[in-house]
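The model goes here first.

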Amino acid sequence: MGRYILRRLLINIPILIVITILVFVMIEITPGDMADYFMSEETIAYMTEADIIALRERLGLNDPPPIRYLKWMGNVLQGNFGFSFVEGYPVGELLWERLKNSGVLMGAGLLVAVILGIPLGVFTALKQYSLADFFLTGLSFIGLSMPAFISGIIGMYVFAVRLRWVPAGGMRTPMVNTFANLLHHLVLPASILAIMHGAQFMRYQRFSMLEVLNADYVVTATAKGMRRRIVVARHALRNALIPVVTMIGLTISQFVAGAVFIETIFGWPGMGRLYYRAVISRDYPIIMGANLVIAAFVLFANLITDITYALIDPRVRYE
Amino acid sequence: MTMKTSTETKQLTTYQDKKIESPLKLALRRFLQHRLAVVSAFVLVAIFVLCFGAPLFTSYDPIGMDLAVRNQAPGGAYIFGTDTLGRDIFTRTLYAGRISLMVGMAAAAISIGLGIILGAIAGYFGKIPDMVVSRITDVMMTFPPLIIMMTVAAFVGPGLMNVILIIGGLRWPATTRLVRGQFLSLKNYEFVHATHALGLPDRMIITRHILPNTLAPLMANITFAVSAAILSEAGLSFLGIGVPLPTPTWGNMMENARNLIILQNQPWIWMPSAAFTLTTILCINFIGDGLRDAFDPQQLFN
Amino acid sequence: MHLIHSNYLIDKRDLLMALLEVTDLTTTFHLKAGVVQAVNGIDFLIEEGELVGLVGESGCGKSVSMRSILRIIPQPPGKIESGKILFKGKDLLSLKEDQMRNIRGKEIAMIFQDPMTSLNPVLTIGRQLTETMEEHLQLSNEMAKKRVIELLDLVGIPDPKACLDRYPYEFSGGMRQRAMIAMALSCSPSLLIADEPTTALDVTIQAQVTELVKSLQKDLGMAVIWITHDLGVVARLVERVKVMYAGYIVEKAPVEKLYSHPKHPYTRGLLASLPRLDEETSAELETIPGQPPNQLDLPKGCPFAERCSYQVEKCLEENPMLEEVEKDHYSACWEKDRL
């Protein structure tokens, strides 16, 4: 098991490096660089050629690209992600802060999606062709076709603007630092983030469960006289969860995309919104750092998936 | 035993007739049995007619503003009301649909094309081409596509063509995986070995002999690619980095809802485009579902 | 004298209460394409401790009829339309699901064709065996584990203690089937239904498993119904044979009689298609022409009529009932006397 985890971990490192190189190259080939930020139309009138060269020197822009990449990488390995002149903060500090906030939102969204999706999937599979199955499966189809930005604005309009059940945005009421207040702000965006994926988990769980319920070993368990509850929970569900766990792992990267929209709509101070703002204002240090952090986050989620997978399926551990 | 009635005989003959139906006819018949998919196809056609025949249904200009009639609520001369610049929302929604649907289809065409080419090369030739394509696919499928699209979109700048190229150029990994898998299994079939024996060139084996056999599983993938592309455009435009104003698209019309005042007081500005987008996506997904069932050989008897 | 003698025989059969008595069992499957008539009113008796063979080609209803006895066919689409299944005097079809559960695994156990898929891949062998005993015999986990080790030893699995924590994928096919047998025996059932338990195994392993079941049957005194499509296996294993075709039992007889004087053309065809070592090897094996009838739409006459060389007009009109040809030998054929 330890070796299995280590191997998975090592596979991910080259992927991380490739992603940062790709982002770096992309920034390189687009015209303009960080120096532009200091050279607005007003300031450029006061700058001499020497000033500009000095500025570029200070920002480390005169080195050839590979050297700059390696310097950046070296700094990152020492925990220094650079400084964002747009936000006025060190990038590392900013990323850590926002990552925590996004983690709260995505964690809650994932939790809601799993808590709703898996049991409903099992339930509809057990009651296949019933009215409840028909209704819930139909509902899941609508949920599946509902992108986060549409469910986001509709949810905001209905629950925050019209019904006024929850605040219309933000993560906390200023000066109020209670868990209840956070929860109050969290419930709507997290639920909306959960809609699409909950529907997806449910459909997948239902499909997988239906397949497993027909498996020979389920017939064996029934023929042994095991209680229906045990047949379903011990024999069928554990096997049916194997593909679902993989699928949940693969969805984590889509959660990041959903979070971009939800955070933008609800003013949630997370990675998604930070990244969006960085992209709009071409805040290169943040773009580089955020890509690395997002990639690491997704790969970490994949690692957790692989471990869970191995815990459920003994055959994986064996290989 | 029991007497065989005439209806039973009839059932028996139709049951046996199924076996000699051509696969395409069989799939079509099974698709038509999927009631939701058929209804969706009709609704989708209606949306296309409304959008591409927009001048027939409205006489307003989608872009020209009329400041005298700003922020009109629905009713009267403007059935969906007007926006903050006095443009008719109904008209804009229809013209927006043209762009959104076109961008969606064009981007999907690019991603499917790329997906088929890369998948075919990887699956057919194996070895190094396969390794290169598979690794790139893996990385791209790990990373959230929206993040890449946002980054590229922000760097290359807004624009209709850019949006199509970005979406088309980044959405191909799913198709590639599917086609690669199909090619991997098909290339070991006898009929492919036979084409090798005949000395046919690879290009011909790929396009004439293997590719047609992957079309059935591809059908559903194509429809889902279109809905994904439409959603990508809408998402990018919603964030203000997609198709630039004043050209209306469903996405940039919904962008208005990011303004809390419009969200609250003028819901007619963003609701129609949201409704059209949702309906379109739902219809395409239902059709895709119907196609998948229709082409699924395992579903024959259930 | 003669009369008294036969009366005595009848009385003896009545006194020896049958372990299992199936009457008019009919099972159907309701699919979109129509109703599949899988089992069509079959009757049979199983005595305590006897080894019976149930023979027929795939799809003839042998598996479905046995699963109907345990009531483990998927419902829907399956449906037990009618019949009576008396097991130790209790009608299984009228039992509540909870009572039925106490029959399954405890009184009647079943082993299946494919040991690769019949064991749960994510549970250890030990867990899959202990849970049955914990359920039916109310054994503690400790006790159940001890008994599992004995059982695994009994079915010839080496190092049974270590096997407790192994998963099915770590076992070969033959070993898995042995584990399945151990699982079936764990609650000492009075009837074991073996559904083609050797079909998926290598030939050498087949013989081992067959011998194992036979010796266990003798030692434990349980009755066994051995389902197979292979008359050759049945010959050296069982005492009595029932032959099924298209959901009907078409012939039943003690094994020697069935082999020496088959009284149904279908049985005859099956026997002729067996390779025999005692005849000249150049003789070509016979085959039965045609296909079994479509069970979505059975003919009104004898289901075998279309493939039968003894066919007469009556065969197409009316389906023959199972009738006694001679003592203990039954056949469902209009022309049985010509055979």
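I looked at S9(C) side by side. C:Arg240, C:Lys242 and C:Met244 point one way, C:Val241, C:Val243 and C:Tyr245 point the other way, and all are buried. Buried means that 20 or more other C-beta atoms, placed from the backbone, lie within 10 Å of the residue's own. Six of the six residues of this strand (residues 240–245) are buried, so the rest of the structure largely encloses S9(C). Strands are DSSP runs of E with at least two residues, helices are runs of H or I with at least four, and both are numbered from the N terminus.

I noted that this is a predicted model, where local features need pLDDT of at least 70, side-chain atom pairs count only at pLDDT 80 or more, and totals for chains, interfaces and linings use all residues. Residues are numbered from 1 along each chain as its sequence is written, while chains are lettered from A and ligands numbered from 1 in the order in which they are written.

Next I checked the partners of S9(C). Strands pair if DSSP finds at least two bridges between them. Strand S3 (residues 51–55) of chain C runs parallel to S9(C), joined by four bridges. There C:Val55 stands opposite C:Val243. Strand S10 (residues 248–254) of chain C is antiparallel to S9(C), over six bridges. Here C:Val243 stands opposite C:Glu251. What lies between S9(C) and S10(C) in their hairpin? I found two residues, and C:Ala246 in the turn has a positive phi of about 50°.

Last, I took in the whole chain. Chain C has 13 helices and twelve strands. Buried residues make up 45% of its 339 residues.

Technical notes:
Buried ≥ 20, exposed ≤ 12 C-beta atoms within 10 Å, placed from the backbone.
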